[in-house]
Amino acid sequence: MDAALKLFTERGFHGTSTAQISKDAGVATGTLFNYFPTKEDLINNLYFEIKGELSRSMGKGIEAQSTFKDKLRKIWSNLVKWGVDNQEEFLFVGQFCTSPYITKFTREEVTKEYVFLHDLVKEGIANGEIRDFSEELTISMFYQASRTVVNFILDSDSSLDENKVLEDGFQIIWRGLAKE
């Protein structure tokens, strides 16, 4: 999986052969096919695993937050920090989130990992804390904005105050969503 992640992010789907994945992983191609019958199976498994890891990271510590805004800020912070700390995985998710190689089944299974986020958005709308936008659009905008912040942090010099950038990014999102 590590070899596949590295190669898919560097070379894309078509530029990555199963022979190269096997070689970089130090296993025979036949062994790879015992676990993943096709390259599509491999990329779908990898996508599911990484999105699950991301979901678990995003949800850490939100139960300790008392307000809706604090819960959303915690998810934001967890998401951005995960992206900075797991650059290859973050890049992979960004590259393949709209890929035709990720099956409908995989997408549906991944969505189950994010029920907590959908529930939080519904709660915010129901309580009148955020505008009544589409759940899916709200979550997509939230994620895409996090990608911008992660890339901004990664592309900046070492003197950057990451906490300020993280909070500024959250405030931009919050001001677009809040019903204040």
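**Close-up views of a cavity and a pocket**

**View 1. One cavity in the whole structure.** One cavity of 30 Å³ or more turns up when the whole structure is searched. The model shown is predicted. The largest cavity holds about 40 Å³ of space.

**View 2. The residues around the largest cavity.** The lining consists of Phe68, Leu72, Leu117, Val121, Ile130, Thr138, Ile139, Phe142 and Leu177. Helix H5 (68–85), H8 and H9 are the elements that each give two or more of these residues. H9 contributes the most to this lining, with three residues.

View 3. Eight residues lining the largest cavity are nonpolar. One is polar, and none is charged.

**View 4. The largest pocket and its centre.** The volume of the largest pocket is about 520 Å³. Its lining has 19 residues. Closest to the pocket centre are Tyr47, Lys51, Val110, Glu136 and Ile139. Ile139 also lines the largest cavity.

**View 5. Helices around the largest pocket.** Four helices each supply at least two lining residues: helix H4 (39–59), helix H7 (104–112), helix H8 (115–126) and helix H9 (135–155). H9 gives the largest share of the pocket lining, six residues. H9 also gives the most to the lining of the largest cavity.

View 6. The lining of the largest pocket includes 12 nonpolar residues. Four others are polar. Three are charged, whereas the lining of the largest cavity has no charged residues.

Key
Residues are numbered from 1 along each chain as its sequence is written. This is a predicted model: local features need pLDDT of at least 70, side-chain atom pairs count only at pLDDT 80 or more; totals for chains, interfaces and linings use all residues. Side-chain values use heavy atoms; hydrogens and water are left out. On a 1 Å grid over the protein atoms alone, a cavity is a set of points where a 1.4 Å probe fits but cannot get out, and a pocket is an open set with protein on both sides within 12 Å along at least five of seven lines; lining residues have an atom within 4 Å of a point. Grid points are joined across faces, edges and corners, and a volume is the space filled by probe spheres set on the points. Ala, Val, Leu, Ile, Met, Phe, Trp, Tyr, Cys and Pro count as nonpolar, Asp, Glu, Lys and Arg as charged, and the others, Gly among them, as polar.
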